[in-house]
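Here is a short tour of the chain shown below. Keep the viewer open as you read, and follow the named residues as they come up.

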Amino acid sequence: MIENDILRDVLLEDERVPSTNELAKLYAINPSTAAKGINILVDAGILYKKRGIGMFVSDGAKEVIRRKRKARFC
């Protein structure tokens, strides 16, 4: 969902993304599951953490997602 929102410009670079608790509530999933998903996006360079504030979209995240999806498609 976060990747799709970035590609559709719903979430822009340096914009805050929903917290793990917000995602867990929205999708009725365990917060630790939401945290794992967020951590995957951080490891991929799509999101970054501002300590004490939350997670934000990284600069160039849209291009990272496009390259990842193109590699998966080919």
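Helices (H or I, at least four residues) and strands (E, at least two) are taken as DSSP runs, numbered from the N terminus. By that rule, Glu3 sits in helix H1, residues 2-7. This is a predicted model, so local features need pLDDT of at least 70 and side-chain atom pairs count only at pLDDT 80 or more, while totals for chains, interfaces and linings use all residues. Residues are numbered from 1 along each chain as its sequence is written, and side-chain values use heavy atoms, with hydrogens and water left out.

**The fold as a whole**

The chain has 4 helices and 2 strands, and their order along the sequence is α-α-α-β-β-α. A compact globule of 74 residues would have a radius of gyration near 11 Å, and the 12 Å of this chain agrees; the radius is taken over C-alpha atoms, and the rule is 2.2 Å times the number of residues to the power 0.38. The C-alpha trace spans about 35 × 25 × 20 Å along its principal axes.

Of the 74 residues, 27% are buried, where buried means under 20% relative accessible area, exposed over 50% and partly exposed in between (1.4 Å probe, protein chains only). Among contacts (heavy atoms within 4.5 Å) with a separation of 6 or more, 49% join residues 24 or more positions apart.

**Inside the core**

A nonpolar core is a set of buried Ala, Val, Leu, Ile, Met, Phe, Trp, Tyr and Cys residues joined through side-chain atoms within 4.5 Å. The largest one here has 15 residues, and Val17 and Val57 are among those with the most contacts inside it. Two or more residues each come from H1, helix H3 (31-43), strand E2 (54-57) and helix H4 (61-73).

**Two buried residues to look at**

Val17 lies in the loop between H1 and helix H2 (20-27). Both residues below count as buried, Glu3 as well as Val17.

| Residue | Relative accessible area |
|---|---|
| Glu3 | 11% |
| Val17 | 2% |

Leaving out residues up to four places away in sequence, Glu3 touches Leu41, Ile46, Ile65, Lys68 and Arg69. With the same exclusion, Val17 touches Ile2, Leu11, Leu47, Met55, Phe56 and Val57. Val57 in turn has contacts that include Ile6, Leu12, Val17, Ile46 and Tyr48. Finally, try the distance tool on Val17 and Lys50: they are 33 residues apart along the chain, and their C-alpha atoms are separated by 11 Å.
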